[in-house]
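Please open the model in a viewer and follow the selections below in order.

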Amino acid sequence: MSPMIEVEALEKRFGATRALRGVDLVGEEARVLALLGPNGAGKTTLVRILTTLLRPDAGRARVAGHDVVADAAALRSAIGLAGQYAAVDELLTGRENLELVGLWYHLPRAVYRRRAQELLERFSLAETGDRLVRGYSGGMRRRLDVAASLVAQPEVLFLDEPTTGLDPRTRNDLWAFIEELVAAGTTVLLTTQYMEEAERLAHRIVVMNAGTVAASGTVEELKEQVGGAVLSARVRDRSDLGRAAALMAEIGGGAVHTDADQQQVDLPTKGGTPVLIAAGRRFEEAGIGLDDLGIRRPSLDDVFLHLTGERVAPASPEVA
Amino acid sequence: MRAPATTRRSGGARRLSPALAATDTAGVAKRNLLRIGRTPQMLVISVFQPAMLLVLFRYVLGGAIRIPGGSYVDYVVPAVFIEAVLIGGMTTSIGLAQDLKSGIVDRFRSLPMARSAVLAGRTIADLARSVVSLTIMVVLGLAVGFRFHNGLAPILAGMGLVVFFGYAFSWMYATIGLATRDPETAQVAGILPFFVLMFASSAVVPVVTMPGWLQPFARNQPLSVTVAATRALMEGGPAAHDVWLSLAWSTAILVVFFAVALRVYQAGTA
């Protein structure tokens with residue numbers, strides 16, 4: 001297995017802001033690499049450098065063997081880009097959008113016409129393919145956008161938040177399709193704010209924070225970094241939240257996290273059942289009413305919280 | 001953009017063959033022509049503005065302006081032809097700024113297409129729009145009393161000069177669109193050169209009526225020499241001097257702004 005994406009000590013500055021401060025990562029062939037991180041972590045800057053939309057200030061990056069600066073032209077022939085920063089043309093039909101992209105990849109006319117037809121069918125756009133994109137729903141546009149990135153059957157596909165704002169069914173379809181592509185040999189780099197998406201698709205996850213790589217590994221490896229488990233208490237009365245947090249801190253383990261919306265206090269712990277029992281006793285002694293108390297395996301969300309100090313997004317996409 | 005290493009320009013811009021660059025440009029031109037065809041209201045607006053100016057000059061101001069040895073309508077209508085193609089150029093800046101804003105330019109940049117194709121395809125499509133607009137102005141001009149007084153060949157040469165002038169300026173407007181990155185700002189920024197060129201010139205009133213300090217500029221700036229050349233070609237009279245000046249101006253503007261626009265376009269990747 002050879003690396004299709006190689007990034008070494010990559011730096012990018014915008015005025016006084018250091019968007020990337022020495023990023024290293026590797027994406028293996030026919031694997032999905034997910035970039036996770038809060039807004040402003042540098043995910044999009046990294047994608048824009050890897051797709052030649054931005055030039056790095058320092059460091060090196062190669063995609064499909066092509067340097068992002070020295071071999072930018074060859075690199076562009078090997079990649080596809082879709083997501084929040086690539087757009088489709090509203091005043092063209094779906095088919096026209098796809099065929100023009102094929103022309104700009106310098107595919108022969110017969111080839112791009114056939115590819116456009118195949119992709120319209122694959123993305124359930126066959127019936128609407130000859131209508132103007134202006135009339136498409138958000139989900140149809142996103143599917144067309146992804147289809148456009150696939151016209152030239154790229155070796156490496158960049159998907160920048162591909163399912164943001166999609167309804168669950170469309171999202172599931174897109175996930176299944178990405179899995180198919182990867183099974184057929186495509187390398188995918190995906191940025192996402194959804195843990196569920198990263199968990200489902202990614203072979204490897206890179207968590208970015210403030211322009212650096214906070215951690216990387218498989219989902220399981222990352223979960224082990226947090227510690228064995230999370231002790232979670234949900235208070236019945238919101239006014240007890242502060243006392244509950246203090247009480248959890250006394251038990252000790254890791255850093256306590258309070259989620260006011262969920263009326264929940266979390267504590268990473270390696271203690272297991274005895275800690276749970278001890279905590280139950282203390283809550284009872286303190287007279288804090290609980291709706292729920294338990295020990296659970298850490299979720300990717302906990303990993304993220306542990307590494308970046310914030311929860312960035314809801315655990316699953318909202319229906320747009 | 002601000003990094004010290006910007007002296008090595010456009011790295012990896014492995015030159016595409018001219019044939020592929022032409023294919024890419026044709027693709028962009030096709031895209032923009034389809035868009036023009038599907039937003040007829042834009043075409044109507046870009047024709048409406050010079051038509052309004054035509055009516056204004058012909059019927060509102062024209063009565064107050066005396067042209068030695070000729071009629072004002074024959075004097076001003078060639079200027080309206082030039083306005084029509086300049087306004088066509090303004091749509092270039094607005095369209096490009098829109099493309100930058102919508103993110104479609106990012107898609108273009110991530111594709112292996114020729115770097116110049118996005119700009120060349122756009123200006124060529126807008127040129128087609130300008131030709132339509134110019135044709136309509138000819139019809140309107142004839143309707144309000146304008147008459148050609150020369151042979152078909154010089155008249156067509158005059159049209160060619162106007163179209164070439166408009167095409168050269170569409171590269172200046174492309175630069176404005178790329179630099180402003182916002183359709184509204186591009187529109188406002190584009191009006192300024194339009195007014196300077198149009199009114200500090202021999203387009204609507206003879207230069208001799210202007211203050212002395214303004215006359216040298218008003219006499220020699222690109223729009224003035226082009227309108228003088230166009231009048232001579234359409235109405236008769238010695239044309240060669242102004243034709244050469246106009247060609248020189250338009251060529252210089254085209255070359256300079258082609259280079260500047262391309263540079264600004266690529267600087268977006270810095």
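Select helix H3 (residues 72–102) and helix H6 (residues 152–180) of chain B in this predicted model: the crossing of H3(B) and H6(B) is right-handed, the near helix being turned clockwise from the far one by less than a right angle. Helices are DSSP runs of H or I with at least four residues, numbered from the N terminus. The pair packs at about 30°, with axes 7 Å apart; axes are lines fitted to C-alpha atoms over the stretch in contact, and angles run from 0 to 180 degrees between N-to-C directions. H3(B) and H6(B) are therefore roughly parallel, the term for angles under 35 degrees.

Display the contact next, where C-beta atoms placed from the backbone lie within 7 Å. H3(B) contributes residues including Phe81(B), Gly88(B) and Leu96(B), and H6(B) residues including Phe169(B), Tyr173(B) and Gly177(B). The contact of H3(B) with H6(B) comprises 16 nonpolar, 8 polar and no charged residues. Ala, Val, Leu, Ile, Met, Phe, Trp, Tyr, Cys and Pro count as nonpolar, Asp, Glu, Lys and Arg as charged, and the others, Gly among them, as polar.

Move to H2 (residues 40–61) and H5 (residues 117–143) of chain B, which pack at about 35° with axes 10 Å apart. Their crossing is right-handed. Among the residues that meet are Pro50(B) in H2(B) and Arg129(B) in H5(B); the contact has 9 nonpolar, 3 polar and 1 charged residues.

Residues are numbered from 1 along each chain as its sequence is written, and chains are lettered from A and ligands numbered from 1 in the order in which they are written. Local features need pLDDT of at least 70, side-chain atom pairs count only at pLDDT 80 or more, and totals for chains, interfaces and linings use all residues.

Notes:
Helices (H or I, at least four residues) and strands (E, at least two) are DSSP runs, numbered from the N terminus. Angles under 35 degrees count as roughly parallel, over 145 as roughly antiparallel, 65 to 115 as roughly perpendicular and the rest as oblique. Two residues are in contact if their C-beta atoms, placed from the backbone, lie within 7 Å.
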